[in-house]
Amino acid sequence: MEEINSTKEEFNYESNFPQCTLFDIKIDPGLKGDDGAELPRPFTKNQMRKWLKKVRWENSKAEKRSKEKARAKERRRKAKAENIDLGPNRKALKKMKFEKPKKNIGIIIDLSFDNLMIEKDRYKVIKQILRCYSINRRSDSPLQFHVTSFGEKTRVDMSRHNGYENWDIVYHEESYLNKFPKDKLFYLTSESDNIIECFEEDTYYIIGGLVDHNQHKGLCHKIAVEQGIRHGQLPLNKYVNMKTRKVLTIDHVFEIVLRVCEGMSWQDALIKVLPVRKGAHVCDSTNSYSSSIDVSFDSDGTN
């Protein structure tokens with residue numbers, strides 16, 4: 001029985017990670033540990049799995065980028081033929097980055113939770129930061145965008161995305177407490193009893209960069225209280241009813257803040273941003289605001 005299980009395991013390993021020779025590998029990315037230090041070889045079986053995954057990623061990036069360019073070119077050709085406006089291209093957006101004035105309101109993604117997440121969940125956080133960046137750069141009045149506690153582990157994860165250093169995001173290795181006046185900080189946390197109705201000028205709103213699957217519920221609120229930072233939650237229950245639990249991803253929260261700051265009403269912003277699968281619809285009455293609040297800023301993009 002053990003021999004059968006062993007054979008099955010080897011078969012799954014081979015099918016998931018097909019053998020390749022040194023001639024197939026043009027780029028050897030190596031492998032780093034959680035502390036950012038290069039791991040010594042030979043790798044363990046688990047490390048070898050991670051290394052092979054990185055090898056495939058690094059050696060296929062150029063090909064994937066080429067295919068993306070071809071698809072984009074085809075989309076532009078079809079749009080031009082059908083007289084459809086696709087909006088500004090990347091080059092135009094990059095130019096607009098230096099021309100569009102930013103609001104005097106900032107968003108901070110707090111990345112001090114690396115040690116509480118596995119690699120898969122850290123990648124989800126990075127992916128959602130990418131969405132936030134994309135949403136913000138296309139806005140006519142973008143928010144100031146900061147990332148704090150940007151450590152070595154996050155830097156390694158971010159390096160999967162070419163050119164992230166040039167994104168219109170300000171990266172800080174230090175905590176937000178060391179970069180911003182405490183009286184200008186405001187932590188967005190669903191456990192707070194304070195309900196936000198408007199966003200204040202000259203204020204930086206913090207979103208916890210944590211995919212916790214509800215394992216660390218209340219952590220961001222606890223941190224805000226311990227650090228003496230103002231805190232509050234979005235008024236979801238006042239404006240919309242939802243079929244599912246009110247669980248928001250990082251990019252959901254970011255876009256809601258952005259749209260309201262652009263002048264959109266809370267109700268319109270929430271209906272626009274929340275996914276269809278959430279079944280969000282306008283509240284029949286503001287009396288529903290008195291119902292129990294079950295809102296969680298869950299960064300898990302799978303919800």
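The legends below describe close-up views of a predicted model.

Residues are numbered from 1 along each chain as its sequence is written. In this predicted model, local features need pLDDT of at least 70, side-chain atom pairs count only at pLDDT 80 or more, and totals for chains, interfaces and linings use all residues, while side-chain values use heavy atoms, with hydrogens and water left out.

**View 1. Overview of the chain.** The secondary structure comprises 9 helices and 10 strands; helices (H or I, at least four residues) and strands (E, at least two) are DSSP runs, numbered from the N terminus. Of the 303 residues, 42% count as buried, where buried means under 20% relative accessible area, exposed over 50%, and partly exposed in between (1.4 Å probe, protein chains only). Among contacts between residues at least 6 apart in sequence, 76% join residues at least 24 apart; a contact means heavy atoms within 4.5 Å.

**View 2. The open parallel sheet.** Six strands, in the order β3-β2-β1-β5-β4-β6, form an open sheet with parallel pairing. Two strands pair if DSSP finds at least two bridges between them. The edges are β3 (170-171) and β6 (230-232), each of which pairs on one side only. In general, strands of a sheet pair through backbone hydrogen bonds, either parallel or antiparallel.

**View 3. Strand β5 and its neighbours.** Strand β5 (residues 203-208) is joined to β4 (residues 185-188) by 3 bridges, and the two run parallel. On the β1 side, 6 bridges join β5 to β1 (residues 105-110), again in parallel. Residue I206 of β5 is the bridge partner of Y187 and also of I108. All 6 of the 6 residues of β5 are buried, so the strand is largely enclosed by the rest of the structure. One side of β5 carries T203, Y205 and I207, the other Y204, I206 and G208, and both faces are covered.

View 4. Towards β5, L185 stands opposite Y204, and F186 has Y205 as its bridge partner. Strands β4 and β6 pair in the parallel sense over 3 bridges, and F186 stands opposite R230 in β6.

**View 5. The second largest pocket.** This pocket holds about 680 Å³ of space. On a 1 Å grid over the protein atoms alone, a cavity is a set of points where a 1.4 Å probe fits but cannot get out, whereas a pocket is an open set with protein on both sides within 12 Å along at least five of seven lines; lining residues have an atom within 4 Å of a point. Grid points are joined across faces, edges and corners, and a volume is the space filled by probe spheres set on the points. The lining has 24 residues, of which K54, E119, Y123, V156 and D157 lie nearest the centre of the pocket. The elements giving two or more residues to this lining are α2 (45-81), α4 (119-137) and α5 (152-158). The most comes from α2, with 6 residues. By class, the lining divides into 6 nonpolar, 3 polar and 15 charged residues. Ala, Val, Leu, Ile, Met, Phe, Trp, Tyr, Cys and Pro count as nonpolar, Asp, Glu, Lys and Arg as charged, and the others, Gly among them, as polar.

**View 6. Helix α4.** The 19 residues of α4 reach 27 Å from the first C-alpha to the last, close to the 27 Å expected at 1.5 Å a residue; the expected span is 1.5 Å times one less than the number of residues. Buried residues of α4 include D121, R122, V125, I129, C132, Y133 and N136. An α-helix has 3.6 residues a turn, so residues three or four places apart point the same way.

View 7. The peptide bond from R41 to P42 is cis, with omega near 5°, and P42 is found in the loop between α1 (2-16) and α2. S149, although not a glycine, has a positive phi of about 55°. This residue occupies the loop between β2 (144-148) and α5, and S149 is buried, with a relative accessible area of 16%. D202 likewise is not a glycine, yet has a positive phi of about 55°. D202 lies in the loop between β4 and β5 and is partly exposed, with a relative accessible area of 30%.
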